[in-house]
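Have a look at it first, then read on.

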Amino acid sequence: MDPLDFGRWQFGITTVYHFFMVPLTLGLGLVVTYLYICYVRTKKDEYKRMTKFWGKLYLINFAMGVATGLVQEFQFGMAWSEYSRFVGDVFGAPLAMEGLFAFFVESTFLGLWIFGWDRLKPAVHAFCLFMAVLGSWISAFFILVANSWMQHPVGAEMIDGRPRMTDIGAVLMNPLAWVTFTHVITASIQVAGGFLVGIAWYKLWRRRKDGIDKVVDGKVVVGESDKGARDKKDFQVWLKSLRLGAVVGLLAFAGVGASGHIQAQMMIHEQPMKMAAAEAACHDGTAFSVLTVGELGAQSCDKITPIIEVPGVLSFLAHDNFDTPVKGIQTLLPEY
C-alpha cells in the first residue's frame with residue numbers, strides 16, 4: 001500500500017474510534033453533573049444511584065477517549081510531520097492550550113471527584129465534577145478552534161512561505177469555531193439523551209421480563225427482587241433516566257438542527273467545493289440527495305448517479321429559500 005494511503009487509513013481509523021467516545025463524554029458529563037446536583041439538593045437515594053451508574057459509564061468512556069486521543073496527537077507529528085511543521089506556528093497554539101490547560105483542569109478535578117466520595121463536602125464534590133465537565137468542554141473548544149482554522153484561516157499571515165500567527169484573538173474568536181462548537185456540544189447532549197433512553201428502556205424491560213414488574217389493567221405494578229438491588233427505587237432510577245434522556249435528547253435535537261443549518265451556510269460561503277462534494281452535487285441545482293451511488297474512488301461525475309432527491313432542500317440549507325441553485329462540482333472545478 002502507498003504510504004500516503006496507509007497514513008490516511010491509520011489516522012482515519014483512529015479518529016473514528018476517538019469520536020465514538022468524545023460526544024458521549026461531553027454530553028453524559030453534563031447529565032451526570034445535573035443528577036449529582038439533584039442528589040446534593042434533595043438527598044434522594046435514587047439520584048445517588050443514577051449518579052453512580054451513569055458516572056461509571058462516563059468515566060469508562062472518558063478513559064477510552066483519552067487513550068485514543070493521545071494516539072491521535074502523536075499521529076499529527078509523525079504521520080503528518082510536513083503539515084505540522086508548515087502550520088505549526090498557528091495550528092499548534094490551540095492544541096497546546098488544550099493539552100496544557102483544559103486537559104489538566106478536567107483530569108485534576110475528575111480525579112478529585114472519583115476519590116472524593118465521602119471525603120469532600122457534597123457541594124465541593126459537586127463543584128469538582130462541574131469543573132471536570134467544563135474542562136472537557138473547553139478542551140473540545142480548543143480542538144475545534146484548530147480544526148476551524150484549517151477550514152477558515154484567520155489571524156495569520158504568510159511569512160517566509162509559512163503561516164505565522166498575528167492575532168490569537170482572531171484565531172480563538174473564529175466564527176466558524178463557535179458555530180462548530182455549538183453544533184458539536186448540542187449533538188453530544190443529544191447522544192447522551194439517546195444513551196440514557198436506550199439503557200433505561202432495556203433495564204425496565206428486563207424487570208418486566210424477569211417478572212419483577214407487572215402490568216395490570218394498563219398500569220405498571222412495581223415489584224421487588226432480592227437479586228441485584230432491584231427494589232422499587234431501582235424502578236424509579238430507570239424511569240427517571242428514561243424521561244430525562246427523552247427530554248434532553250429532544251431539546252438538544254433542536255440545537256443540532258439550528259447550529260447545523262448555520263454551519264452549512266458558512267460552508268457554502270467558505271468552502272463551496274466541500275459542500276458540493278459532501279452532498280454529491282455534481283451539477284448546479286436545488287435538490288438534496290437522500291441516496292446517491294457511485295464507484296469507489298470515482299474520478300468523474302459520470303460514475304455518480306443520484307437515486308433519491310428532494311427538490312429545494314439543498315437551496316434551503318444554503319440560502320434559506322427553495323429556488324436558488326447551489327453550485328455543483330462541475331461548475332466549481334474551473335473556478336478553483
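**Pockets and a helix pair**

The lining of the second largest pocket splits into seven nonpolar, five polar and three charged residues. (Nonpolar covers Ala, Val, Leu, Ile, Met, Phe, Trp, Tyr, Cys and Pro; charged covers Asp, Glu, Lys and Arg; the others, Gly among them, are polar.) Keep in mind that this is a predicted model, where local features need pLDDT of at least 70, side-chain atom pairs count only at pLDDT 80 or more, and totals for chains, interfaces and linings use all residues. Residues are numbered from 1 along each chain as its sequence is written, and side-chain values use heavy atoms, with hydrogens and water left out.

**Second largest pocket**
- Strand 6 is the top contributor to this pocket's lining, giving three residues (strands are DSSP runs of E, at least two residues, and helices runs of H or I, at least four, numbered from the N terminus).

**Largest pocket**
- Its lining takes in 47 residues, with H18, F19, V22, Q72 and I143 nearest the centre.
- Helix 4 gives the most to that lining, ten residues.
- By type, the lining of the largest pocket holds 24 nonpolar, 18 polar and five charged residues.

**Helix 1 and helix 6**
- Which residues of helix 1 meet helix 6? They are P23, L24, L26, G27, L28, L30 and V31, with contact meaning heavy atoms within 4.5 Å.
- On the helix 6 side, the partners include V184, I185 and F195.
- That contact counts 13 nonpolar residues, two polar and no charged.

Definitions and conventions. On a 1 Å grid over the protein atoms alone, a cavity is a set of points where a 1.4 Å probe fits but cannot get out, and a pocket is an open set with protein on both sides within 12 Å along at least five of seven lines; lining residues have an atom within 4 Å of a point.
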